[in-house]
Amino acid sequence: MTGEMDKKYLQELSAKYKEELTPLLRYMYWLEQNAGKDTSTQYDGGDNAPGTMKFPIFDNTLISFVKEEDKTSFMDRNYVYVYSRLGLKTPMDEKRAIEKATIQEWNVLCGILTRYVRGGMTQSYLWRQGMSESIFYLVILKMKEIVEYWDKPLIV
């Protein structure tokens, strides 16, 4: 009986995750196509403003994705705990954690995503790294796979 209750609980949890994940799926194709790329440019004021400090200009789709993601319950302000508990230090560590994640480690996926989404708001290199290391794409893909395992396939 306990196994059946656990399965039912995980299916209900998956349905909750699915509701918040669905709007993000419209970015899947773009994230996949741009995974491994730097989707920002450096603006320096051009010829009109020599000596102006450079700052990054990000792709509009990335900005939309980040804003949409930031509104979800996937954002975990205690993400630093996930990193310290798992000893995540490099993008390779993060990729291994993403690959191994199951529904029970959903908080790991949320922690990694939060580091890049929220962290990138003050440290722009994180958005750039999230794209160049394919972290955004891999996390959303893994979340989709987990939800589909417990429910039916999601339409992208």
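Trainee: What should I keep in mind about the model before we start?
Mentor: It is a predicted model, in which local features need pLDDT of at least 70 and side-chain atom pairs count only at pLDDT 80 or more, while totals for chains, interfaces and linings use all residues. Residues are numbered from 1 along each chain as its sequence is written, and side-chain values use heavy atoms, with hydrogens and water left out.

Trainee: How many salt bridges does a search of the whole structure find?
Mentor: The search finds nine, where a salt bridge is a side-chain nitrogen of Lys or Arg within 4 Å of a carboxyl oxygen of Asp or Glu.

Trainee: Which residue does Glu-68 form a salt bridge with?
Mentor: Glu-68 pairs with Arg-26, and their closest N and O atoms are 2.5 Å apart. This pair links distant parts of the chain, 42 residues apart, with Glu-68 in helix H3 (residues 60-70) and Arg-26 in the loop between H1 and helix H2 (28-34); helices here are DSSP runs of H or I with at least four residues, and strands are E runs of at least two, numbered from the N terminus.

Trainee: And is Glu-68 buried or exposed?
Mentor: Glu-68 is buried, because its relative accessible area is 18%, whereas Arg-26 is exposed at 55%; buried means under 20% relative accessible area, exposed over 50% and partly exposed in between, with a 1.4 Å probe and protein chains only.

Trainee: Changing topic, which residues form the nonpolar patch on the surface?
Mentor: Tyr-43, Phe-55 and Ile-57 form it, with about 270 Å² of accessible area together. Patches take residues with over 30% relative accessible area and no salt bridge, joining like charges within 9 Å and nonpolar side chains (Val, Leu, Ile, Met, Phe, Trp, Tyr) within 5 Å, and the areas come from the Shrake-Rupley method with a 1.4 Å probe, for residues counting only the protein chains shown as cover.

Trainee: Where does Phe-55 lie?
Mentor: Phe-55 lies in strand E2 (residues 55-58), and Phe-55 is partly exposed, with a relative accessible area of 36%.
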